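Please keep the sequence and the model open while reading.

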Amino acid sequence: MFHLKKENKGAAIILFDEEVRLTGKISAELKKWFKKQRLNSLETVIFDCQNIIFIDSMGIASVISMYKAITSSGKQMILSRLRKEVKDILILLNLDKLFLMDDRTPEQIIRKL
């Protein structure tokens, strides 16, 4: 369902293989999967959100959990290609103040690192 694609320049992209509603069970699976990933050598993790069609409180909690794990060790996390509906929810909750959000593709972001 999700996978990690490591790139050069110390970056990786977290991708969803298909459109998902980031709710309940999928959020729990994402957190469990994320904990198994080895991100120590990375400086930047880009969460490609183009396939997230909806996010609820559990989905937001899982993204915040990943954000804390990544940034607590001095790395950065970028949310890339958020759909308008998902971005509007995050902005409504003032999470645009917490997360770096970028409309470019992950590959475009990495080229500018």
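Ile13 has Ile46 of strand 4 as its bridge partner. Ile14 is likewise bridged to strand 4, with Phe47 as the partner. Strand 2 (residues 11-16) and strand 4 run parallel and are joined by four bridges. Strands and helices here are DSSP runs, numbered from the N terminus: E of at least two residues for strands, H or I of at least four for helices. Two strands count as paired if DSSP finds at least two bridges between them.

This is a predicted model: local features need pLDDT of at least 70, side-chain atom pairs count only at pLDDT 80 or more, and totals for chains, interfaces and linings use all residues. Residues are numbered from 1 along each chain as its sequence is written, and side-chain values use heavy atoms, with hydrogens and water left out.

**The sheet**

| Strands | Sense | Bridges |
|---|---|---|
| strand 1 and strand 2 | antiparallel | five bridges |
| strand 2 and strand 4 | parallel | four bridges |
| strand 4 and strand 6 | parallel | five bridges |

His3 stands opposite Leu15 in strand 2. Val45 stands opposite Met77 in strand 6, and strand 6 spans residues 76-80. The hairpin of strand 1 and strand 2 has four residues between the strands, and Lys9 there takes a positive phi near 65°.

The open sheet has five strands in the order 1-2-4-6-7, with mixed pairing. Strand 1 (2-6) and strand 7 (100-102) are at the edges with a single partner strand each, so one side of each has no neighbour in the sheet. From one strand to the next, the twist averages 25°. Helix 1 packs on this sheet and touches strand 1, strand 2 and strand 4. Its direction makes about 35° with that of strand 1. Contact means heavy atoms within 4.5 Å.

Is strand 4 buried or exposed? Five of its five residues (44-48) are buried, so strand 4 is largely enclosed by the rest of the structure. Thr44, Ile46 and Asp48 point one way, Val45 and Phe47 the other. Buried means under 20% relative accessible area, exposed over 50%, and partly exposed in between, with a 1.4 Å probe and protein chains only.

**The helix pair**

Helix 1 (residues 24-35) packs with helix 2 (residues 57-71) at an angle of about 15°, and their axes are 8 Å apart. That makes the two helices roughly parallel, a term for angles under 35 degrees. Axes are lines fitted to C-alpha atoms, for helices over the stretch in contact, and angles run from 0 to 180 degrees between N-to-C directions. Helix 1 contributes Gly24, Ser27, Leu30, Lys31 and Phe34 to the contact. Helix 2 contributes residues including Met58, Ser62, Met66 and Ile70. By class, the contact has six nonpolar, five polar and one charged residues. Gly counts as polar, and Lys as charged.

**Ile89**

Ile89 lies in helix 3 (residues 84-92). Ile89 is partly exposed, with a relative accessible area of 26%. It touches Ile55 and Ile60, leaving aside residues up to four places away in sequence. The C-alpha atoms of Ile89 and Ile14 are separated by 21 Å, and the two residues are 75 residues apart along the chain.

Methods: Parallel < 35°, antiparallel > 145°, perpendicular 65-115°, else oblique.
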